[in-house]
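Take a look at the chain below. The text then walks from the whole fold to single residues.

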Amino acid sequence: SKVISDNFMKQLTELSETLMSVKQNASMKIFDELNSMSGIVNGLTETSDNLRKTYSRISRLSSGNKSFFRLSEVVSYLASVTDNVYLAQEFQEDDDKTIIYAAKGGVAEALLKSCRYLKITAGPKSKISVEILYKAGKTVLQLSSNIGNKPVYEPFSSFFTEQGMYNYGLRDTRDFIEKQEGNLLVVKKGTVLSVLISFPTVDITTLPLGIFDAMEGSGFEELTD
């Protein structure tokens, strides 16, 4: 939002300066000045249009229709496109015990936001380990990072870190996960800070044959474009 605001302010300032120049020097130059003003206005229009398209795309991803998919496949894709995320050695991408019913794009976005929360809290060089657990009929995704002696900020509100980095927190992420009938917890044990996200699992034997063949991409493909 700051980048967009600065862009608007810069172009509006240039527009104001151009208008002052035209008023003070009304001559044949006015045509060149008007062309310049036209370019500035076009820039503002394009910025506004790009903002609208971006907002629409994010809204569509976050509130998309629910589908059946393997959470393990989404997590595997996350690790493949993000250098600071690594998987436990026993991790299986095609684990049938991780099938959930949720909005896939929203789940992908929730994982990215959880990683961002951990990375900014722990520091820019931090690594995030991802583990999948199974408890009481639920798939539990555990994202963990070693934060050492750094303070643990309130995870469900926005805050500035000691380094002046802004962290949006996980309030919206928790709200989304709960709408998918899951839960999100933030836990610190020793020097390790973890985000745990749980979803009710689905028995693969109850699903129509070949349902995964008709599924859309993991959701990360669009987000990482």
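Predicted model: local features only at pLDDT ≥ 70, side-chain atom pairs only at ≥ 80, totals over all residues.

Residues are numbered from 1 along each chain as its sequence is written, and side-chain values use heavy atoms, with hydrogens and water left out.

Start with confidence. pLDDT is the predictor's confidence in each residue, from 0 to 100. The chain averages 80, and 79% of the residues score at least 70. Among the elements, strand 9 (residues 192-200) has the highest mean pLDDT, 96. Helix 6 (residues 220-224) has the lowest, 61.

Now the fold. The chain holds six helices and nine strands. These are DSSP runs numbered from the N terminus: helices are H or I with at least four residues, strands E with at least two. Of the 225 residues, 39% are buried. Buried means under 20% relative accessible area, exposed over 50%, and partly exposed in between (1.4 Å probe, protein chains only).

Contact means heavy atoms within 4.5 Å. Among contacts with a separation of 6 or more, 69% join residues 24 or more positions apart.

Next, strand 6 (residues 159-160), where Phe160 sits. Phe160 counts as exposed because its relative accessible area is 55%.

Finally, turn to helix 3 (residues 71-81), which contains Glu73. Glu73 is partly exposed, at 26% relative accessibility. Thr98 is 25 residues from Glu73 in sequence. In space, their C-alpha atoms are 8.9 Å apart.
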